[in-house]
Each structure stands twice: as structure tokens, then as C-alpha cells.
Amino acid sequence: MTERLANCIKGEREKAELTQAALAERVGVSRKTINTVENGVFTPSATLAIKLARALGLSVEQLFWIER
Amino acid sequence: MTAIELAERKSRWRAFGLLVLGALSVALMAFNLGPGTSDFTRGMWLGALAGSAVNLLPVKRWLRPNSAVAQLLEDESVRENRRLSCNLGFWGSTVTAIVIAAALGSGVTLKALEVAEIIATAGIASAMVAFALLELRAAR
């Protein structure tokens with residue numbers, strides 16, 4: 001059985017009226033990184049997951065979950 | 001222009017540059033296998049390959065560790081793309097070496113220098129093209 005890390009970054013980012021570039025600036029990464037994490041292409045490290053959750057005012061568990 | 005925008009622009013140019021260098025390395029290697037080869041074309045091939053290899057390393061971050069743009073050009077997803085493409089480069093050169101060994105066993109003749117050129121080009125060019133394509137896909 002395969003597992004993947006799903007997320008709701010796009011929805012939460014749009015709710016906060018942030019562009020990918022604006023969120024990238026808040027977190028301190030490139031826009032590409034935000035784009036690939038949002039699309040599930042790249043699985044972020046724990047450090048980046050925490051930074052993303054903080055930037056969007058959520059907990060890591062609210063932003064990321066494991067999908068089977 | 002913000003650091004994010006500048007990093008994005010530089011990253012796109014880097015990807016296109018890698019594609020061009022990859023194509024140039026393969027073209028020069030192919031030319032060197034033919035009768036028109038010379039020390040000059042071999043030197044050009046070596047230069048293109050060295051330039052390519054340097055682009056596969058995080059040189060900018062080593063040279064300017066405190067630069068915001070250099071850090072953005074070498075963030076988590078870039079490091080992952082670099083790792084994946086270097087893995088692919090390893091397999092590219094390994095498979096090429098196996099194919100050459102099989103070809104040499106069936107009567108094909110190649111000089112040691114030509115074999116080295118083909119294997120090195122296959123490894124570096126496949127890694128570069130993979131890195132460039134991964135970066136361009138991420139930037140979409």
C-alpha cells in the first residue's frame with residue numbers, strides 16, 4: 001500500500017489571499033518549492049512543513065496529512 | 001525586483017543553459033568520434049563538460065553563502081532535484097558502460113579515450129538534462 005503526504009496549502013494560501021511568491025517570501029524559499037509542495041511533487045522536510053504551517057497560521061497536522 | 005523573482009529568473013536561465021551545455025557536450029563528443037577530431041575540439045568538449053559538471057554543484061551557495069538569491073537558488077526542492085538528477089547521471093553512465101562493453105565484445109573497436117568520452121558525456125549530459133527538466137517543471 002502506498003502512502004503520500006497530502007496538503008491543503010493551495011486552499012489555505014488562497015484563503016489568506018497570498019500568491020505563491022508571497023508565501024515563498026514569508027517562508028524563505030523559492031516559488032518553485034511552494035509550487036512543487038502544493039502539487040505533491042515534492043515532499044517537504046519537517047522544518048519546511050513547520051515553517052509553512054506557521055506562515056499560514058495553522059498546525060502542521062491541519063496543513064498536512066497522510067493519504068493511503 | 002524581489003529576491004524571489006530574481007531567483008526564479010536566474011533559475012530559469014540556469015535550466016536553459018544546462019540544456020544548451022548538455023546538447024553541446026553530446027554534439028562535441030559525437031564530432032570527436034569522427035575523423036575530423038583534433039586537440040582543439042577535444043579541448044572544447046572538455047571545457048563544455050567541466051562547465052556542465054560545475055553547474056551540477058551548488059557552487060553559488062559555496063561562494064556566496066549569505067546571499068539571499070544564492071540561498072533561494074539552492075533551497076530544498078532544488079537540492080532534491082539535484083540529488084535525483086545526479087542519481088540519473090550515475091545510471092546513465094553505468095548503462096552506457098555496459099552497452100559499450102557488450103558492443104566491444106561483439107567486434108566494435110573503440111579507443112580508450114573514446115570510451116572515456118562517451119561514458120563521461122552520457123553521465124554528465126543525462127544528469128544535466130534531468131536537472132534542467134525538473135527545474136523547469138517545478139517553475140511551471
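The questions and answers below concern a predicted model.

User: Leaving aside neighbours within four places in sequence, which residues are in contact with B:Phe131?

Analyst: B:Phe131 is among the core members that touch the most others. With neighbours within four places in sequence left aside, its contacts are B:Leu18, B:Leu56, B:Asn81, B:Arg82 and B:Ser85.

User: How many residues are in the second, separate core?

Analyst: This core includes A:Ile9, A:Ala24 and A:Leu56 from chain A, and also B:Leu72. Its size is 19 residues.

User: Which element gives the most to the side of chain B that touches chain A?

Analyst: The contact involves 15 residues from chain A and 12 residues from chain B. On the chain B side, H1, helix H5 (76–105) and H6 give two or more residues each. By class, that side has 5 nonpolar, 3 polar and 4 charged residues. With 4 residues, the element that gives the most is H1(B).

User: Is A:Glu17 buried or exposed?

Analyst: A:Glu17 sits in the loop between helix H1 (9–15) and helix H2 (20–27) of chain A. Although not a glycine, A:Glu17 has a positive phi of about 55 degrees. A:Glu17 has 7 other C-beta atoms within 10 Å, so it is exposed.

Terms used: Residues numbered from 1 in each chain as written. Chains lettered and ligands numbered in written order. Predicted model: local features only at pLDDT ≥ 70, side-chain atom pairs only at ≥ 80, totals over all residues. Core = buried A, V, L, I, M, F, W, Y, C linked by C-beta atoms within 7 Å. Buried ≥ 20, exposed ≤ 12 C-beta atoms within 10 Å, placed from the backbone. Contact = placed C-beta atoms within 7 Å. Nonpolar A, V, L, I, M, F, W, Y, C, P; charged D, E, K, R; others polar.
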